[in-house]
Amino acid sequence: MRNNKFNLIHFLNRESIAGLVFSLPFIIGFFMFLLVPMGISLYYSFCDYNILSPPVFAGLKNYIKMFQDETFYKTIGVTLYFALVSVPLRLVFALIVALILFKTTKATGLYRAAYYLPSIIGGSVAVSILWKRMFAIDGVINKLLGAMGLPSEFSWLGDTRTAIWTLIILAVWQFGSSMLIFLSSLKQIPSTLYEASTVDGAGKVKQFFHITLPLLTPTIFFNLVMQMINGFLAFTQCYIITQGKPMNSTLFYTVYMYQQSFEYSNTGYGAALAWVMLGIVGLMTLLIFGTKKFWVYEGGV
Amino acid sequence: MGKRIISLSLAVFLTVMLLAGCANKGTSTTSDTGAGSKTETKTETKTEVTSSADQTNAADNAGLTVSWWGNQTRNERTQQVLDLYTQNNPGVTFDGQFAEWADYWNKLSTASAGHTLPDVVQMDYKYLEQYVSNNLLVDLIPYIDNGTLDVTGIDENILNSGKVNGGLYAIPIGVNAPALMYNKTLLDQNGITVKDNLSLDEFMALCKEIYEKTGYKTGAAYGDGDIFIEYTMRSLGSILYEKGKLGATQEQLQKFFEVYEKGISEGWMCDPSIYTERTIGTPEQMPLVYGSSPATMSWCAFSYSNALASLQNAAPEGTEIAMTTWPADDQKAANYLKPGMFFSVTVDSKNPEAAAKFISYWTNDVDANKILKGERGVPASAKVAEAIKDQMDQNQLKAVAYINNVVTPTSSVINPPAPEGSAEVSKLVDQLVEMVCYKQITAEDAAAQLFQKGNEMLAD
């Protein structure tokens, strides 16, 4: 009896147990809200499931159906286009603004906050609705063009060539988080490098390409991976602004998934789409990691 | 050392309490023995309705969730009636939830998966069959038998539209008919009159004439799914959805797409780009009442007779909206009376008795219907319809006159409820109409695609 009690105290005193106890809230959340739903979704992806009635196992049917689904290929194309255009643009934009804001003046703090603002409110429904109104036929963009004497009856959201670009511009506008990361790593570049190069006679442009950019590559890499994943999973903009119109030219993969799951009641198929998306995102991330050794500088300063 | 043990055991204790707290939520209701015991009433009413004092008690004390789709006018009036009911029955409180048409059904299907459907849901004829076949609605006949739900005022034929396989799963709360709403002020100014029961060719000629005289275009049913194609198929003697397949031939389907093809090539059809900026199905955003210039507006809208009030409210000051029939070559075969909306009680309701009682109130109470003013359609109960006649506004009287004088003489029985898979076909129709309007495909291609893919979707 005494021995048992001693064991319990001993047991509770072990560091690994204490760690486990303290991380229990997270572990429970992880299982309940991530792992279990994921498992269920995997199961649904092999089922005929219409939400209203219980799922019926159907094997690989949903995955086979995908290969014959034209819209599936179309949405992959649209999503790739969106991610591959908007992410590099956003990073370039973030870097330029970070370089401008790098020089500390009195107003820098204000500007940093101001430029970060779109990222805070960026994913929200309100901004999406605002965007939709701006690009409407009688919206502010056309009004501005009209004030400049240009043709102003163009339907930005109604034309297959321009509709996707309204979404891309919105994504580029939300460059704040990348910008902040760039700013902090810019600060870590030792000023001695710049001083030395000035002595050697290097100009600003040369300094940028030979000092700043190489030393920023790890940060660029990090931003690229994170933003690429975000780009593939973008949902709100498309769902609120275009709903995939016109003619599915702006239909993001995630929105198609939602439509299949909840609008057409093909929830099993929607779950299968989600798992294929996971594969695609994983593949793209691997691909970016594969190129790492060719352009990312990892040596010391 | 001692401190460490104390803090550790404290942490363990707290975690255990936390877990116990979580688990408790699930079980606490069973230990509850009062009249409001939730789990108890649920299992009880699912199997059969017992008529006892307890039940009446439960019906008087309940929190009911009522959900509907609609517009601003409907939301306001419905909320007023819910408040009135709470005033008369202080034990009953409501949580009113509303959404727009498309979001509403997404929300409802998700809720059904989580077994959290609202107690009372506004049901549409289109979805009734699906919800009943998946056992999501409560058969209301026992509540009629025990006197909770009074449907004596409702015409037998109309009441029957809520029946599926012998059970009554939905109580009609308004009668409607398809109606072509048009800008009467505009047409009067230009000396154009619209007669009822236009044929498709006459309609298209009229659209062209209006476009040439006024610059206003025509917003035919667009993004509304299958409503107009179903109507057109009816006029050609076919039912769009049959069990497991499309009931129309490819040639018949083509006739529908040709309206859009012709409209776009002659210029009188609204440019499809205007719809990309709007929420389709919202009266306030229909091109009939909303737009920056005649080129982005329409002289008409394909809608239902009960939408007159909200369209008239949304229209600019001084514009009178009038209604006529949708165009069809054989109006008698095409037109129909639609038991527009229903109220149903769901299986997730913890207090179906109270829900049924509320529906009964909605159907029979004159004061409530004086507030509603037939916004969901002519009240299903003839007594109520008669009683609120004096209260009706201009719009409502017009709708009643339209249903009685125009639709009733030339119409036939409504199609059977649409089968599963029809939602996807309906979306396909939207996409094909869009492609025809963007001149990506011809009406012939569109019909061929709809015939092939639509049949596949329904066969699954």
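**Notebook: helix packing, a sheet and cysteines**

I first located Gly279(A), which is found in helix 14 (residues 267-290) of chain A; helices (H or I, at least four residues) and strands (E, at least two) are taken as DSSP runs, numbered from the N terminus. The model is predicted, so local features need pLDDT of at least 70, side-chain atom pairs count only at pLDDT 80 or more, and totals for chains, interfaces and linings use all residues. Side-chain values use heavy atoms, with hydrogens and water left out.

I then looked up the exposure of Gly279(A): this residue is partly exposed, with a relative accessible area of 40%. On this scale buried means under 20% relative accessible area, exposed over 50%, and partly exposed in between (1.4 Å probe, protein chains only). I also noted that the C-alpha atoms of Gly279(A) and Leu170(A) are separated by 26 Å, the two residues being 109 apart along the chain.

**Helix pair in chain A**

I examined helix 4 (residues 70-102) and helix 8 (residues 163-173) of chain A, whose axes come within 8 Å and cross at roughly 35°. Axes are lines fitted to C-alpha atoms, for helices over the stretch in contact, and angles run from 0 to 180 degrees between N-to-C directions. In the contact (heavy atoms within 4.5 Å), the residues of helix 4 of chain A include Tyr81(A), Phe82(A) and Arg90(A), and those of helix 8 of chain A include Trp165(A) and Ile168(A). I recorded the contact residues as 12 nonpolar, 1 polar and 1 charged; Ala, Val, Leu, Ile, Met, Phe, Trp, Tyr, Cys and Pro count as nonpolar, Asp, Glu, Lys and Arg as charged, and the others, Gly among them, as polar.

**Sheet in chain B**

I traced an open sheet of 5 strands in chain B, in the order 2-1-3-13-6 and with mixed pairing; two strands pair if DSSP finds at least two bridges between them. Strand 2 (92-99) and strand 6 (171-176) of chain B stand at the edges with a single partner strand each, so one side of each has no neighbour in the sheet. The twist averages 25° from one strand to the next. I found strand 3 (residues 120-124) and strand 13 (residues 338-345) of chain B paired in the antiparallel sense over 5 bridges, with Val121(B) opposite Ser344(B) in strand 13 of chain B.

**Cysteines**

I searched all chains for disulfides (cysteine sulfur atoms within 2.5 Å) and the structure holds 0. The sulfur of Cys270(B) is 8.2 Å from the closest cysteine sulfur, in Cys300(B), too far for a bond. Cys270(B) is buried, with a relative accessible area of 2%. Cys238(A) is buried as well, with a relative accessible area of 0%.

Definitions and conventions
Residues are numbered from 1 along each chain as its sequence is written. Chains are lettered from A and ligands numbered from 1 in the order in which they are written.
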